[in-house]
Amino acid sequence: MILSRKVTSVLATATVAISSYPCTVTAFSTRASVPSATANNVLLRATIEAVDTDPILPSFSTKEEYTSYLKGAGKLPSGFAVGTATGNFISVEAPSMGKLPIKATVIHLTEGPTDSWAAVFTSNKFPGCPVKVGKSRLSGGHPLQALVINNKVSNVCPGGDGIAAAESVCDAIATSLDLPGGANSVLPSSTGVIGWRLPAKELAEEIVPKAIEALQTESAFAAAEAIMTTDRYPKLRSKTLSDGTRIVGVAKGAGMIEPNMATMLGYIMTDATIEKNKLQSMLTEACNRSFNSISIDGDESTSDTVVAIASGLKPLSSEDEFKSALFEVTEGLSADLVRNGEGTGHVIRVRVSNFPGSEYDARRLGRHLVNSPLVKCAISGNDPNTGRIAGAIGSYMGKFNPNDSVDDMSLTLGGRTIFNNGKFVLEGDDVEKELSDHMADAQLGEHDDFPTHQKFVEIGVDFGGSGSDVTVMGSDLTKEYVAVNADYRS
């Protein structure tokens, strides 16, 4: 198991403190049975320190290491329970495909409904029916006490009444959990095939009841797994504040990723006490910094949703610290989404500096660059075809910023200057090899079911002078991406 230096240090301290006490310690566990109150307190502090993900995840050698790390970091905030279940359905639109698997996830606020929740949704003009329901819940100011998420079917523009189908699943949860706010206190989300009817009967009568039976208050890891579709591995981030309040986030998404005011599906839980309007403002800013600054394939989903919900069971000492922790969680999840992209072989990180315009437009430039098929393919092959980078930037500036100068623009790849003063700086085989090696060092396995490392292909775009600074992430384009999307529904 891989532990951060911080966790290792804390565990070492705990080990010294309990060394004189008889105890039994399970391998790779931060918990022990100790008869001393003093030793218990020390070990409790070690356990608290150990449950956060690192801002930059460590490297992993096996799927088991990665899974163990996330399970250890997935401790739920106070007042939350999570349950998941799997069932089957037959699609009305494609019955010849036979029985297909579908999963449901229920997130329950165990101590009652909360007004303190925020959400950001897709701006796609064909939003899913759950998105429509969610927007209605948000604008209506309804308190929430549960969330329900299903994979496999996105309930977008279905032949039947998709809103009624989503509401029937919400009603089943409200009835089973005896929620005082009824179906209006349940927020639905769906992800999967677009155009298919939601198997509401199977979800409401068979799968959701099993998910409710499985509700537990220990870990969010099960939710991170259950919401996946073509994701190769679960994504979870967590942060404990100095006052003991906690933030835990899970997300799914591997394709159709170019969010605009949202992510694919993301759920952020906290036990902090925070006003609804402040949480909404913080979440919107967090999304702009994170989920709105990534792109895998340039396609914005019809179901994009990110929700932040607070149980309000613990007082919050510092809103600034909370905001910083929220940013860390969302930025971590957004990087995980790109690294987990369908067929991703490299993660590209573009730092745009001194852009002559707004941060919004600077992000558009960054996404334009990481969405260039020519740039993507070159990086996939570890080919330092730097002209494609300059060409993509020039194309964007010519179309959208034709009056802004690029005379002072410089480009770097892997930290080495490749373009300056209107000319490329590429001389000799040594430079070619250095740039290619940089890409190869950041390469990932297209079929990996865990992230082996956290490296990037680093591209810097500096316009000189002063202006907006943003960071955008994207992925390369591989044969595996085509293979996954050629056979998505099965």
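1. K252 is buried, at a relative accessible area of 5%. The cut-off for buried is under 20%, so K252 falls within it. This is a predicted model, and the points below should be read that way.

2. Where does K252 sit? It is found in strand β9, residues 246-252. Its contacts, leaving out residues up to four places away in sequence, are T191, I227, M228, T229, D231, K235, M264, L265 and L337. One of these partners also gives a polar contact: the side chains of K252 and T191 meet at 2.9 Å. L265 is 13 residues from K252 in sequence, yet the two C-alpha atoms are 5.5 Å apart.

3. T330 is another buried residue, with a relative accessible area of 0%. It belongs to helix α9, residues 319-339. Beyond its neighbours within four places in sequence, T330 contacts I268, A286, S290 and F291.

4. Now the nonpolar cores. The largest has 34 residues. I107, L236, Y267 and I309 have the most contacts inside it. Helix α3, residues 63-73, supplies the largest share of this core, 4 residues. A separate core of 33 residues lies apart from it, with V120, I247, M282 and L444 among its members.

5. Y267 deserves a look of its own. Which residues does Y267 touch, not counting those up to four places away in sequence? The list is I107, L147, I149, S189, I227, V248, G249, V250 and V307.

6. Helix α4 covers residues 129-140, 12 residues in total. From first C-alpha to last it reaches 16 Å, close to the expected 16 Å at 1.5 Å a residue. Its buried residues are C129, P130, V131, V133, G134 and R137. The cover over them includes β5 (117-121), α5, β7 (186-190) and β12 (305-314). Just after the helix, G141 takes a positive phi of about 70 degrees.

7. Helix α6 has 14 residues, 200-213, and reaches 18 Å between its end C-alpha atoms. That is close to the 20 Å expected at 1.5 Å a residue. Where is the kink in α6? A kink of about 40 degrees lies at I207, shortly before the proline P209.

8. I207 is also on the buried list of α6, together with A200, L203, A204, V208, A211 and I212. An α-helix has 3.6 residues a turn, so residues three or four places apart point the same way. The buried residues of α6 pack against β3 (80-90), β4 (99-109), β6 and α5. Helix α5 is also part of the cover over α4.

9. Check two backbone angles. Most residues other than glycine have a negative phi. C157 has a positive phi of about 50 degrees and is not a glycine. It lies in the loop between β6 (146-150) and α5 (162-177). C157 is partly exposed, at 46% relative accessible area. N382, also not a glycine, has a positive phi of about 55 degrees. Its loop runs between α11 (373-380) and α12 (387-400). N382 is buried, at 16%.

10. The aromatic pairs number 7. F355 and F463 have ring centres 5.4 Å apart and planes at 85 degrees, so this pair is edge-to-face. F355 is in strand β13 (residues 347-355) and F463 in the loop between β17 (457-462) and β18 (468-475), so the pair ties together parts 108 residues apart in sequence. F355 is buried at 0% relative accessibility. F463 is buried too, with 6%.

11. F419 and F424 make an edge-to-face pair as well, 5.0 Å centre to centre with 75 degrees between the planes.

Technical notes: Residues are numbered from 1 along each chain as its sequence is written. This is a predicted model: local features need pLDDT of at least 70, side-chain atom pairs count only at pLDDT 80 or more; totals for chains, interfaces and linings use all residues. Side-chain values use heavy atoms; hydrogens and water are left out. Helices (H or I, at least four residues) and strands (E, at least two) are DSSP runs, numbered from the N terminus. Buried means under 20% relative accessible area, exposed over 50%, partly exposed in between (1.4 Å probe, protein chains only). Contact means heavy atoms within 4.5 Å. A polar contact is a pair of N or O atoms within 3.5 Å; within protein, one must be able to donate a hydrogen and the other to accept it, and residues adjacent in sequence count only if both atoms are side-chain atoms. A nonpolar core is a set of buried Ala, Val, Leu, Ile, Met, Phe, Trp, Tyr and Cys residues joined through side-chain atoms within 4.5 Å. The expected span of a helix is 1.5 Å times one less than its number of residues. The bend at a residue is the angle between axes fitted to the seven residues ending there and the seven starting there. Rings of Phe, Tyr and Trp (its six-membered ring) pair if their centres lie within 6.5 Å; planes under 30 degrees apart count as stacked, over 60 as edge-to-face and the rest as tilted.
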